[in-house]
Structure formats: structure tokens, C-alpha cells
Amino acid sequence: MACSSSIATGVTHVATSSSSLPAAPAVSSNAQSGICSSFASHNPRPPERHNLQIHTKSIEQTLIPLVTQITTLVSAPDRPLKAERSRRALGRVGRAVQAAVERFVLVGETIADDNSEIKLDMYEACREARQAGIAIEKLCELQYDEAQSCCTDGETSPSGGSGSIVGNSAIADKGSMVRAARCLLAAVTQVLLLADTIVVKQLLQAKDKVSNTLTRLEGVNNFTEFVKAFSQFGNEMVDFAHVTGDRQNDLKDERRRAQMSAARTILERSTLMLLTASKTCLRHPECTSSRENRDTVFCHMRRAIDLVHYVVKDGLLQTSSDHASNDVRPTGNGSSSSPAPNQPKEEDWDVLLTACGAIQQLDDSVEMTRLTLAPTACRERLTLALNAAIERTQDFTDSAYTSHEHRENILLLWDRVRSGLSHVIRAGINLEQRERHSPTEELETAIRTLLQCTQELRLQLEQTALEQAADLLASSREDADLIGHLRAAAISLDGDRFDECGERFQEHVDHLQEVCKLLRHVSPTEAHQVQAKYAEITVRIYGPQMLTATHTLSLYPNSKIAKENFQVFSDCWQALLNDVTNLAKEVSELLQDRATEKHVYMSLPRPGKHGTTSKPLKPGKLDSEEQAKIAKAGLEMKLITSEMDAETDRWTEAHNAAQQQSVSARGIERESAVGTANQGMVGGVGNEAVSSSGPGVPVSPTNGGLDENNDIVKRAKNMSSMAFSMYQFTRGEGTLKTTQDLFTQAEYFAEEANRLYKVVRQFCYQVPAGTLKKELLDYVDQIPTYVQQLQFTVKNPTVGKAATFTKVDAVIQETKNCMNCVSKVVSTCFECANKHNLYMSDTLVSETMASSTSEDHHTPSPSMMSKPVNDIQSRLGKYNLDFRGLSPRGRSPGQRGDDDGGGAGGGSEGGKASGGAGGDPSI
């Protein structure tokens with residue numbers, strides 16, 4: 001992965017180096033011949049010859065800034081520049097681009113030196129990038145010289161004849177800049193794609209390690225060897241899970257991401273099943289059912305590994321040499337293992353044949369008849385499309401779980417579709433016989449009727465699939481009880497009850513498989529189609545293995561390993577059932593949302609409706625794909641909250657240490673300490689009690705030390721709690737359920753940040769002048785900026801799912817930035833309080849705030865520590881230093897972090913004291 005990040009950094013340099021420079025106009029025709037001949041001598045390969053198909057989001061995002069800058073560069077005005085400042089900037093464009101390209105090329109050549117398999121291609125791509133950068137630099141230099149000479153000629157020749165010549169030559173020469181820019185972009189893309197092959201190579205190496213260790217595991221014959229092999233397998237699986245997860249998040253294609261997710265899920269769940277099945281097989285080697293369990297898990301895991309290879313290679317199957325080390329391949333149902341020299345066909349991996357897809361193809365063919373007027377070839381395509389759609393809907397009519405009413409409706413609708421298609425074909429024949437070249441009313445009517453019939457058929461299929469899924473959900477509780485009955489029958493050796501429960505469980509397996517098949521036919525997205533497809537395959541393979549594990553338990557009812565194996569297989573089955581349940585819910589929600597969409601004619605505004613006042617979508621949850629996209633930002637948010645908690649814990653530790661010192665001091669100087677407390681003095685500010693621990697140990701009525709209950713700590717903890725709940729939202733957990741909950745939480749977070757800012761600003765008045773105070777002010781003054789950006793993002797209206805996700809991502813980013821700043825503020829406050837013995841306890845009085853607003857703000861200095869208490873209180877009383885008023889961590893999102901008592905304005909209004917010093921009875 002390091003090579004991709006290095007290359008991406010290089011491309012960023014290419015883009016940013018010229019981001020602040022204006023677009024460059026073209027050079028004159030006099031210079032054109034020289035630069036064109038020089039550029040042609042390099043003989044770069046045309047970009048059309050490169051296979052520049054991009055499959056990952058990282059490469060695409062890396063190229064976006066470069067494409068933007070190149071577009072600006074070639075979109076030059078067809079006139080010479082006259083301003084000296086613009087001409088100088090124009091001269092810097094080429095040099096900046098060339099320097100950035102050179103840095104980029106050096107990174108690419110370093111990667112080439114470390115990887116011999118791409119060395120030649122990488123050096124060739126780097127050479128082309130370097131040549132294109134040199135060409136752009138020369139073009140910009142010549143443009144600068146020509147623009148300067150044009151201005152000189154314009155001063156000496158008012159007629160402007162030379163300017164016209166330059167303008168014409170600029171138009172003619174823009175092609176040179178365009179060709180150079182295209183070659184640069186093609187070369188940079190080629191370098192990135194070559195670097196990506198190294199990432200693919202690393203992933204395939206991890207895959208090969210897992211596959212080889214899996215083969216080794218299959219051949220072990222004793223527990224000692226098995227433990228060693230499985231330990232190695234576990235470590236390799238962890239690495240494999242990391243690289244495949246990164247690749248899954250980076251893939252652009254929705255289908256490929258879903259395939260990778262399905263493969264990773266199979267491997268994750270099968271690993272534990274492989275452990276228990278292998279242990280059972282080793283403990284009971286004579287048991288054929290335990291060996292069948294183990295062999296099936298091996299086969300299914302190998303198929304998942306092959307699927308990872310297929311996705312990573314973007315549709316390329318493994319060659320025979322790749323399978324040399326894997327001599328055991330899965331069979332059709334995955335229940336046993338046998339050699340399989342034939343490779344799986346592409347249809348087994350990539351083709352998704354669905355009924356709704358076939359109906360959509362039929363609709364598209366019918367729509368085309370408006371243009372083609374249904375000639376002979378078109379009529380044949382319509383017939384083939386109809387037959388394909390009828391064949392795929394047989395899964396609905398042949399299913400034993402489809403109700404008689406639904407089956408009859410589907411068959412009747414197909415009769416109507418056949419009749420409608422015959423009307424379309426008949427209308428096409430009439431047009432052909434009359435030699436008409438425009439559609440007639442007869443053809444239009446037939447097309448509309450046929451499309452209406454197919455739409456009704458599609459809705460009927462969706463209703464049938466969702467009804468079966470609802471029946472499955474209703475019987476999920478029964479399935480859980482059935483597994484318990486199976487276990488009880490196996491342990492009690494009740495053969496009749498075991499056979500009865502086995503038959504019922506097999507019926508449930510068949511029903512679950514039918515539901516997956518029908519959901520795949522009606523799923524509106526490719527991701528859900530892939531998910532349903534592999535859920536069906538896994539149910540077909542692991543469903544019977546659940547009964548096999550039960551049979552093993554019945555043979556060895558007292559075996560601890562057999563019981564453990566049964567439990568693992570039952571847990572896997574329950575996870576499969578949950579997957580299908582969630583899939584059914586997601587498909588149902590998608591279909592309902594699509595059905596409720598209203599297509600409004602927008603050429604004229606409706607009464608009371610305008611284009612800019614569209615109603616936003618209702619609050620929703622993040623789907624699995626969106627959670628994967630935002631996972632990195634959420635994890636960074638969690639790390640910052642952990643850092644914030646660590647900073648606030650420092651206050652607690654310091655408070656406990658100072659409390660112990662204070663107790664020791666009061667034990668020796670009790671009378672002096674009690675007198676100090678009765679005078680209402682602030683511990684540590686203007687008074688020190690001499691104790692046996694040494695001079696200068698401060699004593700506070702609140703047990704001394706850095707008070708852990710001050711307002712800075714409380715508000716920081718509350719903000720950390722809010723940020724943590726926002727992190728949980730990115731994982732689909734916690735109390736925030738919808739996007740609107742997240743935005744509401746962000747509003748409260750911004751309000752709490754404002755309160756913290758005011759409190760810290762007041763605390764700054766206690767800090768003596770110095771480096772720490774300057775650092776604290778620098779940090780705290782950044783908080784209002786982050787708060788304003790967060791509030792602006794939250795209040796920005798959005799319409800549509802994509803826009804809402806973009807807003808969620810922006811809110812998470814802004815909150816993370818604000819939390820990072822607040823963490824630094826809290827850390828600096830602790831250092832200031834610890835260094836200067838500043839105590840932020842509950843007993844600081846702020847009653848004189850209102851009456852002291854006219855006094856000059858005086859920053860306390862270390863010399864104030866020896867002044868009388870009344871003097872200190874008179875100087876500090878004008879500042880609102882009552883640090884209280886925040887509920888503990890864990891407040892619900894619906895409650896604001898306002899102060900519970902009166903006090904000094906909640907510590908957020910800058911010193912509006914109400915109720916004295918917070919109504920503390922101790923004062």
C-alpha cells in the first residue's frame with residue numbers, strides 16, 4: 001500500500017504546484033515549429049493505446065486535482081497577456097509543473113527499482129511523463145517570451161497588426177499544449193495503474209499464503225501439528241482480512257465491492273467452523289459425518305478465496321498453474337470434495353440473471369420499436385427477450401411456497417404480455433407493408449399497453465417475493481426453537497423426534513433458499529443481487545451441514561468437541577438467517593421508496609412549489625456502503641475522543657494527588673487551614689500553608705489541587721461524549737439512529753464548544769503572561785472558527801441521499817477538527833494551571849463581576865501569591881470563574897448542556913452573576 005500513497009503524494013504535488021497560477025495562453029506560430037518538432041522527437045505513445053481503465057477510487061481521486069489543473073492550463077484565452085504580473089505568473093507555470101512531475105517520476109522510478117516485473121513499463125511511463133512535463137515547461141516559457149514581445153510591439157506599433165498575427169498563431173498553437181497535457185495525464189495515470197498492480201500483487205501473495213496453509217491444514221493427522229498449522233493460518237487470515245478490506249473500500253464498481261464483501265464474510269464465518277470441524281474430525285477419525293463437515297468447509301473457503309482472486313483481477317479466472325497446489329475443489333453443492341480440473345465458468349461468478357432484469361430488457365426493446373418501427377430483426381429480438389423473461393420467472397411459478405393466487409396472477413399477466421407483444425409485432429408488420437416511416441397511433445397504443453402490462457408483472461413479482469420474505473420473518477422464532485429441539489433429540493438419542501425435526505429443518509432450509517432466489521430476482525441494485533446470490537449459495541451448502549453436525553452429535557452425545565461443533569454450526573446458521581432477514585428488509589425499503597417516488601413535471605412550477613424549495617428526504621440511516629466510506633473519519637473521531645478523555649483524566653489524577661497533600665497539611669496545621677477556609681479563601685491563590693511535606697504546599701477548602709469538577713473538564717467531557725456518540729453513528733450503533741439525530745447532536749456540540757470557549761477565555765485572565773498563555777490563546781481563538789463552520793454545515797439544506805451523505809461526512813470532519821482543537825486547549829489549560837498553581841474550584845466568587853466591569857483587566861502574576869486574600873478576590877472577582885454547570889458524561893442527545901443551577905450565568909454569558917457564586921451553601 002505504501003507505493004500507492006507515495007505516488008498519490010506525487011500527483012498531489014503536480015496538481016497543487018500550479019493551483020495558484022493562472023491559465024497560460026498559447027505561443028506564436030514562430031515558436032510553434034521549434035517546440036512541436038522538439039515535442040514530436042520524443043515520440044510519446046498516444047494515450048489511446050494505453051489501457052487506462054481505472055477500477056479504484058483512490059486513483060480516481062488522486063487524478064481529479066491534476067485533471068482540474070490541466071483543464072485550466074489548456075483552457076487559455078485566445079489573446080496575449082499584457083499585464084507584467086500575469087506574464088511572470090505564466091513563466092512560473094511550466095517550471096512548477098516540471099518540478100512537480102520530476103518529483104513524481106522519481107517516486108515511480110523508485111517503485112520500479114523495487115519491483116522488477118513492472119520495471120520496464122514503469123520506466124517507460126515515467127519517461128513519457130518527464131517528456132510531457134518538459135514540453136509544457138518549454139511551451140509556457142515561449143508563451144511568456146511571445147507575450148512580452150507582443151506588448152513591446154504594441155507600444156511601438158499602434159496599428160495592432162502584430163497583435164492580430166499573435167492571436168491567430170495562439171489559436172493554431174493551442175493544440176501543442178493540449179497534446180502535451182494529454183500525454184502528461186496519460187503517463188501519470190499509467191504510473192498509478194502500474195503502482196496499483198503492486199498492491200494487487202501483495203494481496204494475491206497474501207491470498208496464496210492462506211490457500212497454501214489451508215491445504216496444509218487439510219493434511220494434518222494429529223492435534224499438535226494441527227495447532228501449529230492453525231495458528232499460522234489465523235495470523236495469515238488476519239493479514240488477508242486487512243488487505244481485502246482495504247481493497248473492498250477502494251473498489252469503484254458496486255458489484256465488485258459486493259462480491260468482495262461476500263467472500264470476506266464467508267471466510268470470516270468459516271474460519272471458526274473449520275476449527276471445530278477439524279477438531280471433531282481429529283477426535284473422531286472414524287466418523288464420516290464429521291469428515292463431511294470439515295471437507296465442506298474447506299471447499300467453501302476455497303471457493304471464497306477464488307472469488308477474491310476473481311475480484312482483484314477484475315474478472316480474470318485463475319489459470320491451471322494457479323490451481324496446482326489446490327487439488328481439492330468444491331463440488332456443486334459443496335457437501336464433499338473432489339478433484340476439479342475444469343475451471344468455473346464466468347457465469348458462475350459475474351452474470352446476474354434476474355427476472356426483473358429480463359423484463360427491463362424487454363421494455364427497452366419495446367421502447368426501441370418507436371424508432372425502428374419493429375422491422376424483422378427487431379421482432380426477433382422481442383421474441384427472444386420475451387422467452388428469456390418467461391424462463392426466469394419460472395422460479396416464482398415453480399416455487400412450492402408461492403401462493404396459488406400469486407401464481408395465477410403471474411400466469412395471467414404473462415398471457416397479457418404475450419398478447420400485447422403480438423399487437424406490437426402486428427403493428428410493425430402493417431407499417432412495413434405500407435412502407436410508412438413514422439409510428440402510427442396503432443403502434444403507440446400497442447407499446448403503451450405492453451409497457452403497462454410489464455409494469456404490473458414486475459409489481460406482482462415483487463409482491464410475491466416480499467410476501468415469502470415476510471413469511472420467513474414470521475417463522476424465524478420457530479427456527480430458533482427448532483435448533484434447540486434438534487440438539488435435545490441428538491443428545492437424548494430420540495431417533496423419531498430427530499427425524500421429524502430434521503425434516504422440518506430441511507423444509508426451512510429450502511424455504512430460505514427460495515426466498516434468497518426470489519429476492520435476487522427483484523433486488524433493484526447489483527449489490528443486493530450479489531448479496532442474495534451468495535446468501536443462497538451459502539444456505540444451500542451450510543444448511544445440510546447443520547444436520548450433519550447434529551448427526552455427529554447424536555453419535556457422540558457426550559463429546560465436548562461434538563457439542564462445540566454443533567454450537568458453532570448453529571451460530572453460523574443463525575447468522576445466515578439474520579443476513580437474509582436484513583436483506584429482505586433492505587430490498588423491501590428500496591422497493592417501497594421507488595414506488596412512492598413522484599415524477600413531477602418541472603418545466604413550470606406548481607402552485608406554492610418552486611425549484612429551490614424542494615422538500616428534503618426524510619431522515620434515514622447509513623447503509624453498509626456509506627458506513628464503509630465514512631469508517632476512517634469515524635475511527636479518527638474515536639481516537640480524538642480517547643485523547644480528550646486522557647487529557648481530562650490528568651485533572652482527576654492531579655486532583656487526587658493534591659487532595660492527599662492537602663489532607664496531610666491539615667493534619668499538621670489544622671487550625672490554620674480551618675481559619676483559611678472560614679475566610680472563604682481560594683486554595684492555592686494568594687495563600688500557602690506550610691506543612692511537614694515542605695514549604696509552598698497549597699491548601700484549598702475543596703481539598704486542594706487541580707479540581708476535577710471545574711467547568712473546563714466538565715464541558716470537555718460532555719463534548720467527548722457527544723463526539724463518541726457521533727462515532728457510534730458511523731458504525732450503525734449508539735443512540736443516534738438517523739441522520740437528523742446526528743445533525744441535532746452536532747448543534748448541541750457546537751453550543752457546548754461555545755460555552756467552553758467563553759470559560760477558557762475567562763481562565764486566560766488568571767494565566768501570567770508568557771509562552772504558555774500565548775499558546776493557549778492561539779488554540780482557544782480557533783474554536784469559534786470551527787464552531788461557525790460546523791453550524792454552517794449543519795444548517796445547509798440538502799436534498800437526496802448522496803447529498804445527505806456528503807453532509808454527514810462534512811459534519812463528522814468538522815466535529816473532528818473542533819475536537820482536535822479542544823483537546824489541545826484542555827491540555828494547555830492543565831499545563832498552565834499546574835505550572836502557575838491556578839485553582840479552578842467551586843468556591844471562586846464572581847459576585848463582583850457586574851460591579852467590576854469598569855476596572856482594568858489585570859493578569860495575575862506569581863507575586864500575587866503572597867497578597868492578602870481580599871486583594872486577590874477583589875482583583876479576580878470581576879472574572880466569571882465559577883467553573884460548574886455541566887451534567888456528567890452520558891447525557892442524552894436531546895438535553896442541552898446548560899447549567900443546572902443559577903450561578904454565574906452558567907459560565908457562558910461572560911459574567912452575568914445570578915444567585916451569587918452559584919448558590920453554593922458553603923459560601
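Arg370 and Glu367 sit 3 residues apart in helix H10 (residues 355-372), so about one helical turn separates them. Helices here are DSSP runs of H or I with at least four residues, strands are runs of E with at least two, and both are numbered from the N terminus. The side chains of Arg370 and Glu367 meet in a salt bridge, at 2.4 Å from N to O. A salt bridge requires a side-chain nitrogen of Lys or Arg within 4 Å of a carboxyl oxygen of Asp or Glu. Arg370 is partly exposed, with a relative accessible area of 25%. Glu367 is also partly exposed, at 36%. Buried means under 20% relative accessible area, exposed means over 50%, and partly exposed lies in between (1.4 Å probe, protein chains only).

The model is predicted: local features need pLDDT of at least 70, side-chain atom pairs count only at pLDDT 80 or more, and totals for chains, interfaces and linings use all residues. Residues are numbered from 1 along each chain as its sequence is written, and side-chain values use heavy atoms, with hydrogens and water left out.

The protein chain has 27 helices and 4 strands. Of its 923 residues, 49% are buried. Contacts (heavy atoms within 4.5 Å) were examined between residues at least 6 apart in sequence; 80% of these join residues at least 24 apart.

The structure holds 28 salt bridges. One of them pairs Arg418 with Asp415, at 3.0 Å from N to O. These two residues are 3 apart in helix H13 (residues 404-434), so they are separated by about one helical turn. Arg418 is partly exposed at 38% relative accessibility, and Asp415 is partly exposed at 44%. Elsewhere, salt bridges with shared partners join Asp711, Arg715, Glu752 and Arg755 into one network. Asp208 forms a salt bridge with Lys207, with the closest N and O atoms 3.1 Å apart. Asp208 is partly exposed, at 36% relative accessible area, whereas Lys207 is buried at 4%.

Thr464 lies in helix H14 (residues 441-474). Thr464 is buried, with a relative accessible area of 1%. Leaving aside residues up to four places away in sequence, Thr464 touches Phe396, Thr402, His406 and Ile410.

Asp510 belongs to helix H16 (residues 495-522). Asp510 is partly exposed, with a relative accessible area of 33%.
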